Amino acid sequence: MSELLAIGISHKTAPVEVRERLALPEARAADFLRDLRGAGDVHEAVAISTCNRTELYLVVGDPVEAESRVLSMLASHAGIRPTQLASAIYAHRNCEAARHLYRVTAGLESMIIGEAEVQGQVKRAYDAALAKETVGPLTNHLFKAALQAGKRVRSETAIAERQMSLPGVAVALARELLGDLDGRSVVIVGTGETSELTARALANSGGKTVFVASRRRDRAISLAKRYGGDSVSFDELPLALEHADIVVAATASPHLLLEARELAEVMDARGGRPMLLIDLAVPRDIDAACAEIDGVSLYDIDDLEAVIARNRKVRQGEARKAEGIIEEEIQHFAAWLGSLEVLPTITALRASAEQIVERVLRENERKWESASERDVERVSAVAHAVANRLLHDPTLRMKELRDDRVHARMALVRELFGLADEDGAADDGAAEDAAAEDQQLAEVRQLPSARSARGARRR
């Protein structure tokens with residue numbers, strides 16, 4: 001039977017220098033999922049990669065083997081040994097995997113509890129997997145249900161009210177360090193969603209915003225018009241930096257865009273005037289060595305945790321309400337997932353019982369020489385009735401299972417009754433079972449004569 005497996009890392013388990021090496025931008029994610037599906041028993045796959053996490057949601061035949069393979073492939077992708085990565089990786093199966101995705105989508109696993117952006121990130125990851133045709137029935141149901149759970153959380157709780165996105169936290173940090181931002185020059189490197197959210201957070205600050213296009217100049221011009229700023233090409237970045245008070249970097253580049261040597265030259269040209277650098281990108285856009293340059297203050301995405309912690313207590317009450325909604329929603333998923341296992345398991349169990357009855361009857365048909373055809377029919381009916389009576393109550397109980405342990409319980413039933421191998425390998429012991437049954441039947445048949453013999457000795 002196939003199982004759902006979620007495996008990944010997040011800001012809770014790995015620092016940014018590890019997360020950036022495991023980042024899977026959309027094009028790279030497509031290649032990774034293709035290689036993963038080609039490597040073994042992976043039927044469905046969706047990859048989520050944000051600044052805070054890289055996670056894979058897989059439908060697999062053997063979760064233990066799949067987990068090992070994913071760990072090896074992620075380590076190879078990151079250029080580190082699997083043993084170094086193992087401590088940062090977490091893995092969840094079936095309903096626990098679904099629960100984790102629901103929590104991610106609702107913003108409960110985010111660095112900023114209740115962040116709104118993550119729901120859109122999950123949807124884009126799902127849409128990308130749809131486009132690449134790596135999803136299937138289970139992941140389709142899972143992601144639709146997770147997105148619905150996220151919508152419920154945001155509509156039925158106040159978890160997103162007065163919420164601060166990472167760009168919002170970056171602006172709050174700038175105000176905390178520099179005071180009033182009125183008249184400050186802010187350079188935003190990148191033109192994606194995070195850059196736009198940063199510009200929006202800065203909109204009423206009175207600062208002068210310059211958008212730097214690393215690739216899409218037309219997008220930079222559009223953002224500049226929308227938020228009353230200017231735009232420059234990436235080649236003009238050094239000149240823009242000479243006048244900047246604050247630099248926010250938020251691109252999807254796999255390479256550093258601002259290195260220490262280049263920034264040192266800029267700082268010389270500025271006469272040592274201080275500069276605040278905030279790197280919101282994963283992988284990072286700004287060389288960590290820039291922090292060692294006089295006059296430079298550098299904060300990356302992990303450094304924002306201190307600012308975020310101050311706002312966390314406000315949301316804890318709403319987070320508890322959100323968790324209640326998640327648990328309600330996960331029970332629906334558990335029931336659906338369990339239904340995929342229960343009916344096939346019941347069918348397989350009853351078919352196995354019928355096969356055992358027919359085999360025992362067939363093996364013993366020559367041992368009833370004096371039985372009439374009607375007697376044989378009666379014996380057959382009784383044998384089938386006994387099998388049905390034995391399975392009646394277990395069948396009802398299996399159909400009534402609704403909790404998130406259904407999958408595990410069905411796996412145990414299949415294992416106990418030898419139903420796990422759908423290719424017939426579970427019947428390898430049939431001959432031995434039949435031999436044991438023959439021995440038992442022989443012993444039963446011998447009992448009357450043994451009693452007679454004892455009675456004769458007593459006489």
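Modeller: Let's start with Glu133: this residue is exposed, with a relative accessible area of 64% (exposed is over 50%, buried under 20%, partly exposed in between, with a 1.4 Å probe and protein chains only). This is a predicted model, where local features need pLDDT of at least 70 and side-chain atom pairs pLDDT 80 or more, while totals for chains, interfaces and linings use all residues. Residues are numbered from 1 along each chain as its sequence is written, and side-chain values use heavy atoms, without hydrogens and water.

Colleague: What is the phi of Glu133 near?

Modeller: Most residues other than glycine have a negative phi. Glu133 has a positive one, near 60°, and lies in the loop between helix 6 (117-131) and helix 7 (137-156) (helices are DSSP runs of H or I, at least four residues; strands are E, at least two; both numbered from the N terminus).

Colleague: And is Asn94 buried or exposed?

Modeller: Asn94 is buried, at 9% relative accessible area. Its phi is also positive, about 50°, and it is not a glycine. You'll find Asn94 in helix 5 (residues 94-106).

Colleague: Which residues does the cis peptide bond join?

Modeller: Most peptide bonds are trans. The cis one here links Val282 to Pro283, with omega about 0°; Pro283 sits in the loop between strand 9 (275-279) and strand 10 (296-300).

Colleague: At what angle do helix 8 and helix 9 pack?

Modeller: Helix 8 (residues 166-178) and helix 9 (residues 193-202) make an angle of about 45°, axes 8 Å apart (axes are fitted to C-alpha atoms, for helices over the stretch in contact; angles run from 0 to 180 degrees between N-to-C directions). That makes the two helices oblique (under 35 degrees is roughly parallel, over 145 roughly antiparallel, 65 to 115 roughly perpendicular, the rest oblique). Pro167, Gly168, Val171 and Arg175 in helix 8 meet a helix 9 set including Leu197 and Ala201 (contact means heavy atoms within 4.5 Å). Leu197 is among the buried residues of helix 9, as are Ser195 and Glu196.

Colleague: In what order do the 4 strands of the open sheet run?

Modeller: The order is 2-3-1-4, with antiparallel pairing (pairing takes at least two DSSP bridges). Strand 2 (42-49) and strand 4 (90-93) are the edges with a single partner strand each, so one side of each has no neighbour in the sheet. The twist averages 15° from one strand to the next. Strand 1 (residues 3-10) and strand 3 (residues 53-60) share 8 bridges, and Leu5 stands opposite Leu58.

Colleague: Which strands does helix 5 lie across?

Modeller: Strands 1, 2, 3 and 4, at about 115° to strand 4. Helix 7 packs on the sheet too, touching strands 1, 2 and 3 and making about 30° with strand 2.
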